[in-house]
Amino acid sequence: MTSSTPRSRPALGICLEEYEYPYAVRFLPLTNDLRELAMAYMDVRPDTEPNGKTVVLMHGKAFGGYYFRNVVEALAGAGYRVVVPDQIGWGKSPKPDIHYSFQLLAANTAALLDHLGVGRVAVLGHSTGGMTAVRFTLMNPDRVTHLVLEDPLGLADYRTGIPPQSEETLYDHERHWTDPDTIRGYVKGYFVHPDPKVWEPLADVLVRVTLSADYPRWARAAALTFQMIYQQPVRYEYGQIAPPVLLVVGAEDHVVPLGQYAAPAQLARLGDFTALSAAAAQDIPRATRVVIPECGHIPHLEHPSKFLAEFLPFLAN
């Protein structure tokens, strides 16, 4: 990814066809909601002596697997095979008008691992990917050896503080969420000490997608997946998570999906990752909690050394 002024960059297709990923991308044929689709993924082999273990990386809502480059490099360098799907609705995967569910995303991921001949895995889920990772783990308790939740959404049930919104309302918001400065400010807000070399390329992707003639389809998928986050909480099932869990959060993370519809007091409560993660760690049977100071929503990019210093030993333990 290269930094550039978003207004000067060409449009991207809504499947990021023109965007170069850090590793080769392949596609797995799937059927979801009676529709034939193809899920994009990267399958990266170790670049040192293989340790026989595989790690699955599950991306957040604003991104595809491309933003895990440094994590993949560290894992491959430590002997792991790394599988990075772009879930249906994100990245290079299609953006269909279907009923999105975390169960569906988890089932698609399991199908991908079956296709690749991979059995037991460690799983990292960031942001919305944390909810997917929890659902995947609950559906496949004997398959997941380690679960890492990096600033996961779902530490609260958002229905308790945010009024329900119609698909039409959410779509209208996403359809008109196209101002470059607004998008750039949103992505920059993920970081406590924003480094333009880090956040500008992430914002650039989102800005360039809005220039696509197919952007309404992207917006529709974005609206539907916001409903998925809102309507399908995982918080009440934390006590059933079987494998050891590493819960890593930025001390200054205050992200709340659909937070624009919440009252200020509820927004503060639902975005208090420090307090919410402390409560979650009490309910997860085998949880280790780490709070990274001076860090926002994406520790693996804002404080990569600190994140990897917790992540890699946990996987090896």
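Biologist: How many cavities of 30 Å³ or more does a search of the whole structure find?
Modeller: One. This is a predicted model: local features need pLDDT of at least 70 and side-chain atom pairs 80 or more, while totals for chains, interfaces and linings use all residues. Residues are numbered from 1 along each chain as its sequence is written, and side-chain values use heavy atoms, without hydrogens or water.

Biologist: Which residues line the largest cavity?
Modeller: A lining residue has an atom within 4 Å of a point. Leu-57, Met-58, His-59, Pro-85, Gln-87, Trp-90, Leu-105, Thr-128, Gly-129 and Thr-132 line the largest cavity. Strand 3 (54–58) and helix 3 (128–139) are the elements that give two or more residues to this lining. Helix 3 gives the most, with three residues. Helices (H or I, at least four residues) and strands (E, at least two) are DSSP runs, numbered from the N terminus.

Biologist: How do the residues of that lining divide into nonpolar, polar and charged?
Modeller: Five are nonpolar, five are polar and none is charged. Ala, Val, Leu, Ile, Met, Phe, Trp, Tyr, Cys and Pro count as nonpolar, Asp, Glu, Lys and Arg as charged, and the others, Gly among them, as polar.

Biologist: What makes the other kind of space a pocket?
Modeller: A pocket is an open set of points with protein on both sides within 12 Å along at least five of seven lines. The largest pocket holds about 760 Å³ of space. Its lining has 42 residues, with Ala-62, Trp-177, Tyr-186, Tyr-190 and Phe-226 nearest the centre. Helix 4 (167–175), helix 5 (180–188), helix 6 (196–210) and helix 7 each supply at least two lining residues. Helix 7 has the largest share, seven residues. The lining divides into 23 nonpolar, 16 polar and three charged residues.

Biologist: Why is the pair of Arg-220 and Asp-97 called a salt bridge?
Modeller: The rule asks for a side-chain nitrogen of Lys or Arg within 4 Å of a carboxyl oxygen of Asp or Glu. The closest N and O atoms of Arg-220 and Asp-97 are 3.5 Å apart, so the pair qualifies. Arg-220 lies in helix 7 (215–231) and Asp-97 in the loop between strand 4 (81–85) and helix 2 (102–116), so the pair ties together parts 123 residues apart in sequence. By this rule the count comes to 11 salt bridges.

Biologist: How far apart are the closest N and O atoms of Arg-135 and Glu-237?
Modeller: They are 2.6 Å apart, and the pair is a salt bridge. Distant parts of the chain are linked here: Arg-135 is in helix 3 and Glu-237 in the loop between helix 7 and strand 7 (245–250), 102 residues apart.

Biologist: Is Arg-135 buried or exposed?
Modeller: Buried means under 20% relative accessible area, exposed over 50%, and partly exposed in between, with a 1.4 Å probe and protein chains only. Arg-135 has 15%, so it is buried.

Biologist: What is the relative accessible area of Asp-214?
Modeller: It is 36%, so Asp-214 is partly exposed. Asp-214 forms a salt bridge with Arg-217, with the closest N and O atoms 3.6 Å apart. Arg-217 is partly exposed at 43%. Elsewhere, salt bridges that share partners join Asp-43, Arg-45 and Arg-81 into one network.

Biologist: Why is strand 7 called largely enclosed by the rest of the structure?
Modeller: Because six of its six residues are buried. Val-245, Leu-247 and Val-249 point one way, and Leu-246, Val-248 and Gly-250 the other.

Biologist: How many bridges join strand 7 to strand 8?
Modeller: Six, and the two strands run parallel. Pairing needs at least two DSSP bridges between two strands, so this pair passes. Val-245 has Ala-287 as its bridge partner in strand 8. Strand 6 (144–150) is joined to strand 7 by four bridges, also in parallel. There, Glu-150 has Val-248 as its partner.

Definitions and conventions
On a 1 Å grid over the protein atoms alone, a cavity is a set of points where a 1.4 Å probe fits but cannot get out, and a pocket is an open set with protein on both sides within 12 Å along at least five of seven lines; lining residues have an atom within 4 Å of a point. Grid points are joined across faces, edges and corners, and a volume is the space filled by probe spheres set on the points.
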